[in-house]
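Here is a short tour to read alongside the model. Keep the viewer open and follow along as the headings go by.

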Amino acid sequence: MEVLELMMTEETSMSTYFYAGQCPTTGHRLKLPRTPEAETIAHHLMQHLADLDPTPTEGKMFGILLVETPQGHRQTLKAFSGLWHGQATWDGWVPPIPGRDRIATEEAATLATLETI
């Protein structure tokens with residue numbers, strides 16, 4: 001299957017890792033680089049969260065995504081998995097996927113299987 005490559009910039013060429021997946025609409029395999037800029041932003045975010053609340057966040061997944069708007073403005077989206085301090089939504093963060101409650105049973109079964117492994 002064809003892999004769509006990003007335009008190689010100096011920063012993209014310094015990437016240490018690429019996230020890849022298949023587009024459900026087109027079927028194309030896509031790659032996103034983990035760039036030094038993204039790593040720096042993620043490290044700063046995690047330090048900021050630790051400064052706000054030193055409670056360990058082990059087992060909690062946080063992520064950022066660098067995007068460019070149609071007007072050419074760069075922005076950073078940030079998200080977390082599940083609940084954080086008992087809440088699914090926080091101002092300034094990407095909201096959870098709608099209908100998440102419908103997949104709770106399947107998720108519980110998957111987590112039980114992972115626990116067994």
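Which residue in S3 does Tyr 17 stand opposite? Tyr 17 has Arg 34 opposite it in S3. Please keep in mind throughout that this is a predicted model.

Strand S2 covers residues 17-22 and strand S3 covers residues 29-34; the two run antiparallel and are joined by six bridges.

Together S2 and S3 make a hairpin, with six residues between them.

Is Ser 15 buried or exposed? Its relative accessibility is 15%, so Ser 15 counts as buried, the cut-off for buried being under 20%.

Leaving aside residues up to four places away in sequence, Ser 15 touches Pro 33, Arg 34 and Thr 35.

Now for another pair of strands. S4 (residues 62-68) and S5 (residues 74-80) run antiparallel, and seven bridges join them. To find your place in this pairing, pick out Leu 66, whose bridge partner in S5 is Thr 76.

S4 and S5 also form a hairpin, here with five residues between the strands. Gly 72 lies in the turn and has a positive phi of about 90°.

## The second largest pocket

How much space lies in the second largest pocket? The volume comes to about 480 Å³. The pocket is lined by 18 residues, and those closest to its centre are Met 61, Ala 79, Phe 80, Ser 81 and Ile 97. S4 and S5 are the elements that give two or more residues to this lining, which brings us back to the hairpin those strands form.

Sorted by class, the lining of the second largest pocket holds 13 nonpolar residues, three polar ones and two charged ones.

One more backbone angle deserves a look. His 85 has a positive phi of about 50°, although this residue is not a glycine. You will find His 85 in the loop between S5 and helix H3 (104-116).

How exposed is His 85, and what is its relative accessible area? The value is 45%, so His 85 is partly exposed, in the range between the cut-offs of 20% and 50%.

Technical notes: Residues are numbered from 1 along each chain as its sequence is written. This is a predicted model: local features need pLDDT of at least 70, side-chain atom pairs count only at pLDDT 80 or more; totals for chains, interfaces and linings use all residues. Side-chain values use heavy atoms; hydrogens and water are left out. Two strands pair if DSSP finds at least two bridges between them. Helices (H or I, at least four residues) and strands (E, at least two) are DSSP runs, numbered from the N terminus. On a 1 Å grid over the protein atoms alone, a cavity is a set of points where a 1.4 Å probe fits but cannot get out, and a pocket is an open set with protein on both sides within 12 Å along at least five of seven lines; lining residues have an atom within 4 Å of a point. Grid points are joined across faces, edges and corners, and a volume is the space filled by probe spheres set on the points. Ala, Val, Leu, Ile, Met, Phe, Trp, Tyr, Cys and Pro count as nonpolar, Asp, Glu, Lys and Arg as charged, and the others, Gly among them, as polar. Buried means under 20% relative accessible area, exposed over 50%, partly exposed in between (1.4 Å probe, protein chains only). Contact means heavy atoms within 4.5 Å.
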